[in-house]
Amino acid sequence: MKLTELVSRLSCSSHYTIWEYIVKQKKGTSFALYLRSSSMIKRFRDDVSQIQASKQERQMIEEFIKTLPKAELHLHIEGSLEPELMFELSSRNKVDMPFVSVEEVRAAYEFSDLQSFLDIFYAGAGVLLQTQDFFDLTWAYLEKVNRENVRHVEIFFDPQTHTDRGVPFRTVITGIHKALEEAREEFGMTSYLILCFLRHLSEKAAFATLEEALPFRGWIEGVGLDSSEVGFPPEIFERVFTKAEEEGLRKVAHAGEEGPPEYIWQALDSLGVSRIDHGVRCMEDQKLVKRLVKEQIPLTVCPLSNIKLKVFDRMEEHNLKKMLDAGLCVTINSDDPAYFGGYMNENFLATQKGLNLSLEDLAEIAKNGFRASFLPQEDIDSHLQSIDDMLAMQSTSG
Ligand code: ADE
Ligand code: ZN
């Protein structure tokens, strides 16, 4: 650690008052520190060791999270559109943007709730027009998370956001699919695609979207339900989900993000989903928690998203650790990383810091990501083994 950094930290320490030490700046870069007594020197040394130990621990945790093999199960591909690419696509496709700079776009990402975010999110997606755009979008996400050691992804896409603007379904899915295939070849990253119905639109519109998807059935693993939650209960889409099931598709749904626990019950009982996206409000209903634990229904929690959309005020208040301790199958995901300030590793890091998660907690959450995935059991087992190996190495080296 640099002495400058140390001094600036020490000056915040309650052990010291400003007059207890003198800091001299030489040529604007280096500092000398004079302490007035031997007891002060001892206190100084103790503080140095404490700061160095906590910094080393932080570095070790960061390294652990980086190397941990991870699966991302809750990612809206349109939510990975970074402002830089948004500008590039707006000029490539000659689409007007209500912003003049990347900084201005980022500054606009202050949300009061889910709807205030969705309004900006759907507007941003307006720059996506050609197959190449959907490829570039998906590829940028995959390259990024490959560097974070994400080994498997299950990606949501919202076809209605594009088909309602006149972009053909084929254009959307071809671009995304091609990028997923390239990532499989180049990075060995496995993936599935999940088509989400927009719940603020009608059941009829969802049926029409499912019909459009059927020629591409081989590229789609499952269906989901997203967009504005409160006022749009899952049961509205019961018949569409039944049809999707008949087509052999898996089923997931957003529920209990802003909506009440009742929506989680409906997602389970009316839609028959095998995973709940978000689900953090389940903790308000102990009968529901019991069921989710008993059936080990996975919950794809998105901590940074929950803070940005004011589901919780601060990370320290997030209920993820309580969920984990209750025996729920909790996973960590990024939701819409370009809008919420972080991809997978940032979500793991922020949650670890806010809730003081142990390495065992982090490993368990990463394992849940693979357990909750739609991968074949032998692939899941091999990922779980690699996490166990990593934990074993950590305990012998630490
Ligand atoms: N679409 C994109 N992000 C979403 C979220 N967090 N909840 C519901 N719909 C979404
Ligand atoms: Zn989501």
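This is a predicted model: local features need pLDDT of at least 70, side-chain atom pairs count only at pLDDT 80 or more; totals for chains, interfaces and linings use all residues.

Reply:

**A walk across the sheet**

You'll find His278 in strand S8, which covers residues 275–278. That strand belongs to an open sheet of eight strands, and their order is S3-S4-S5-S6-S7-S8-S9-S10, with parallel pairing. At the edges are strand S3 (70–76) and strand S10 (330–332), each of which pairs on one side only. Going from one strand to the next, the twist averages 25°.

Now zoom in on one pair. Strand S5 (residues 190–198) and strand S6 (residues 222–226) run parallel and are joined over five bridges. Pick out Cys196, and you'll see that its bridge partner in S6 is Gly224.

Helices lie across the sheet too. Helix H11 (residues 261–269) lies across strand S7 (250–255) and S8, running at about 170° to S7. Helix H17 (residues 359–371) lies across S3, strand S4 (150–157) and S10, and its angle to S10 is about 100°.

Most residues other than glycine have a negative phi. His278 isn't a glycine, yet its phi is positive, at about 75°.

Last stop: ligand 1. The residues around it include His76, Asp226, Ser227 and His254. By class, the shell around ligand 1 has two nonpolar, five polar and four charged residues.

How values were computed. Residues are numbered from 1 along each chain as its sequence is written. Chains are lettered from A and ligands numbered from 1 in the order in which they are written. A residue is near a molecule or strand if its C-beta atom, placed from the backbone, lies within 6 Å of it. Ala, Val, Leu, Ile, Met, Phe, Trp, Tyr, Cys and Pro count as nonpolar, Asp, Glu, Lys and Arg as charged, and the others, Gly among them, as polar. Helices (H or I, at least four residues) and strands (E, at least two) are DSSP runs, numbered from the N terminus. Two strands pair if DSSP finds at least two bridges between them. Axes are lines fitted to C-alpha atoms, for helices over the stretch in contact, and angles run from 0 to 180 degrees between N-to-C directions. Two residues are in contact if their C-beta atoms, placed from the backbone, lie within 7 Å.
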